[in-house]
Amino acid sequence: MIFDHDSFDTVHNVEVPSCSIYSLAVTDNLLICGTYKNSIHCYSLDEYKLIKTLKGHEGTVYDLIVSSSQGHPILISASYDRTIRVWNLETMTSMQEMIHHQGTVSCLAIAHGRLFSGSVDHCVKV
């Protein structure tokens with residue numbers, strides 16, 4: 001559901017067919033949902049219609065971050081499959097896959113020009 005920030009009234013309800021949603025990210029024109037079924041669904045913010053489903057993870061997508069790299073918008077995703085993926089949001093394709101954890105990658109943060117990832121392996125990687 002999408003809520004108005006001031007009134008907290010429901011503005012719109014976006015249903016992701018047969019998928020539990022575990023993570024969200026929003027850009028100027030996209031609503032991005034990470035799911036239990038290993039995929040990332042990208043919806044237009046103006047009509048809330050599915051634009052693309054990103055596939056590549058082999059486990060639940062637990063976190064999503066929108067950023068930019070070399071002037072291009074990117075999405076970074078963390079998954080149960082121990083991977084972090086970097087997606088080009090202009091072409092909606094996977095640019096890179098990183099496997100640096102021994103367990104589920106459960107959270108991501110960007111600060112000071114660095115990507116931080118947290119995992120059930122008791123490590124934060126920088």
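1. Two strands are said to pair if DSSP finds at least two bridges between them. In this predicted model, strand S12 (residues 114-119) and S13 run antiparallel and are joined by 2 bridges.

2. The strands S11, S12 and S13 belong to an open sheet of 3 strands, in the order S11-S12-S13, with antiparallel pairing. Strand S11 (105-111) and strand S13 (124-125) are its edge strands, each pairing on one side only.

3. Gly103 is located in the loop between strand S10 (93-99) and S11. Is Gly103 buried or exposed? Its relative accessibility is 10%, and buried means under 20%, so Gly103 counts as buried. Leaving aside neighbours within four places in sequence, the contacts of Gly103 are Arg82, Ser119, Val120 and Asp121. For Val120, which is 17 residues away from Gly103 along the chain, the separation of the C-alpha atoms is 5.5 Å.

4. A further open sheet contains 4 strands in the order S3-S4-S5-S6, and the pairing is again antiparallel. Its edge strands are strand S3 (21-26) and strand S6 (50-55), each of which pairs on one side only. From one strand to the next, the twist averages 20°.

5. Within that sheet, S3 and S4 run antiparallel and are joined by 5 bridges. A hairpin connects S3 to S4 through 3 residues. Ser23 has Gly34, in S4, as its bridge partner.

6. S4 and S5 likewise run antiparallel, with 5 bridges between them. Gly34 has Ile40, in S5, as its bridge partner, and Ile32 stands opposite Cys42 in S5. The hairpin of S4 and S5 has 3 residues between the strands, and in this hairpin Asn38 takes a positive phi near 70°.

7. How many residues of S4 are buried? The count is 6 of its 6 residues, and S4 is accordingly described as mostly covered. Both faces contribute: Leu30, Ile32 and Gly34 are buried on one side, and Leu31, Cys33 and Thr35 are buried on the other.

8. In soluble globular proteins, nonpolar side chains tend to be buried together. The largest nonpolar core of this model has 12 residues: Ala25, Leu30, Ile32, Ile40, Cys42, Leu54, Val61, Leu64, Leu75, Trp87, Leu89 and Met92. At least two residues of this core come from each of strand S4 (30-35), strand S5 (39-44) and strand S7 (61-69). Apart from this core lies another, of 9 residues, including Ile76, Ile84, Val86 and Met98.

9. Val61 is one of the residues of the largest core. Which residues does Val61 contact, leaving aside its neighbours within four places in sequence? They are Tyr22, Ser23, Gly34, Thr35, Asn38, Ser39, Ile40, Ser77, Ala78 and Ser79.

Conventions
Residues numbered from 1 in each chain as written. Predicted model: local features only at pLDDT ≥ 70, side-chain atom pairs only at ≥ 80, totals over all residues. Heavy atoms only, no water. Core = buried A, V, L, I, M, F, W, Y, C linked by side-chain atoms within 4.5 Å. Buried < 20%, exposed > 50% of the residue type's maximum accessible area, 1.4 Å probe, protein only. Contact = heavy atoms within 4.5 Å. Axes fitted to C-alpha atoms, helices over the stretch in contact; angles between N-to-C directions.
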